[in-house]
Amino acid sequence: MAGDIPSIPGELVPPHIRQALQQIVSDMTGTSRGSFPGSQPVSFTKSGSIPELLTSNYLVCEKSDGVRVLVLMIVDGEGRAQTFFITRKNEYYFAPHCAFPLRNTDRYRPEAYHNRTLIDAELVIDVDKNGRSQRTLLGFDALVVNGEACMGYIFERRLGMLRDFVFQPFDRICRYMSPEALQRVPFLVQMKLFERSYGVSKVLHETIPKLRHKSDGLIFTSVLAPYTPGTCDKIIKWKPASENSIDFKVQVTQNDIRLLVWQGGANYSEFGLLAIRPQDFNQGALVGVRSAYDLDGRICETVYDPKYAPPAQWRFMRFRDDKPYGNHISTVHKIIESMGDNLEEPELIETMAEVRTAWKEREAAAGILP
């Protein structure tokens with residue numbers, strides 16, 4: 001169903017292959033081999049994010065509720081095109097039946113494929129009106145395209161390269177496949193839809209209602225900023241204050257269910273208690289979980305809800321087994337700060353009139369005609 005966490009296509013590669021692939025990605029991005037090279041957004045705050053949107057150009061899109069991945073495309077020494085999915089745990093999955101052809105190759109019998117391409121995307125489960133589900137790869141950024149480093153390009157150029165050189169050729173070849181061959185392709189591809197930052201109302205009231213997957217907020221991305229691995233303050237995620245969530249590691253004791261916050265490395269410290277009721281077990285996101293002890297050691301996503309099962313303050317939402325750790329303590333503090341320094345949807349939309357005016361004034365000063 002919509003909102004389900006999709007599985008990663010393919011099979012987990014063994015350690016020696018993972019290390020070789022990590023070295024390739026490290027060389028492509030200039031990052032550490034042992035770390036996930038994707039950008040991570042900061043949380044929206046009224047005091048910090050609104051001045052940023054008033055003074056700089058941003059694009060906005062919906063925040064999909066799926067699994068974040070990087071997609072690596074290479075051609076091996078024998079000329080075979082291969083596609084790998086990289087998770088936030090820095091694991092690599094080999095995905096068969098989904099080679100990405102180059103733009104100008106034959107649509108019926110492609111002979112040239114992407115080599116040393118790395119894109120940023122999210123896997124979601126789309127559900128149509130008849131209840132049929134389809135795994136979809138939503139693309140929203142590009143780091144390297146067929147050997148051309150583009151992390152330093154402006155965002156709109158990176159989006160254009162992702163669309164024109166990666167997704168359109170893949171989508172085109174899928175359209176010419178036989179039904180039998182298409183069934184083996186583990187996902188469809190789709191570009192995320194972006195608006196100028198002041199188009200928040202359009203995204204919330206037109207784009208999101210038409211989606212076939214769950215969305216839980218907005219993402220603002222700077223037009224001019226380069227792609228930045230790790231935490232990037234030029235990518236801002238907004239959620240209603242009531243839906244801001246935090247990922248913790250669960251520790252079950254004889255007396256309570258504790259939430260541990262990640263301090264870095266292998267270090268955790270106690271942060272609070274998980275608010276859960278006896279009737280929650282084996283239902284909803286906890287189907288198959290019959291007791292609290294089944295939660296022990298897992299990463300779970302929680303929301304602040306002190307009225308649900310006091311004295312615990314954080315209510316269980318779902319497991320995040322796709323993440324190696326809970327949120328870092330620094331991130332937790334920022335999320336909590338944003339919960340008290342946030343804008344609810346009506347206020348956010350109201351503020352966009354001023355953001356639009358500021359954008360138009362920058363265009364006029366630069367001599368850009370409307």
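A residue counts as buried when its relative accessible area is under 20%. In this predicted model, Asp-65 has a relative accessible area of 6% and is therefore buried.

Side chains of opposite charge can pair when their charged atoms come close. The structure holds 26 salt bridges. One of them joins Asp-65 to Lys-214, with the closest N and O atoms 3.8 Å apart. Lys-214 lies in the loop between helix H5 (200-207) and strand E12 (215-222), and Asp-65 in the loop between strand E3 (58-64) and strand E4 (67-75), so the pair ties together parts that are 149 residues apart in sequence. Lys-214 is partly exposed, at 41% relative accessibility, whereas Asp-65 is buried.

A second salt bridge pairs Asp-216 with Lys-239, at 3.5 Å from N to O. This pair, too, links distant parts of the chain. Asp-216 sits in strand E12, and Lys-239 in the loop between strand E13 (230-238) and strand E14 (245-252), 23 residues apart. Both Asp-216 and Lys-239 are buried.

These two pairs belong to a network of salt bridges. Asp-65, Lys-214, Asp-216 and Lys-239 are among its residues. The network also includes Lys-63, Arg-88, Glu-301, Arg-318, Arg-320 and Asp-322.

A further salt bridge lies within a helix. Arg-175 and Asp-171 meet at 2.8 Å, N to O. Both residues lie in helix H3 (residues 155-175). They are four residues apart, about one turn of the helix. Arg-175 is exposed, with a relative accessible area of 63%. Asp-171 is partly exposed, at 26%.

Terms used
Residues are numbered from 1 along each chain as its sequence is written. This is a predicted model: local features need pLDDT of at least 70, side-chain atom pairs count only at pLDDT 80 or more; totals for chains, interfaces and linings use all residues. Side-chain values use heavy atoms; hydrogens and water are left out. A salt bridge is a side-chain nitrogen of Lys or Arg within 4 Å of a carboxyl oxygen of Asp or Glu. Helices (H or I, at least four residues) and strands (E, at least two) are DSSP runs, numbered from the N terminus. Buried means under 20% relative accessible area, exposed over 50%, partly exposed in between (1.4 Å probe, protein chains only).
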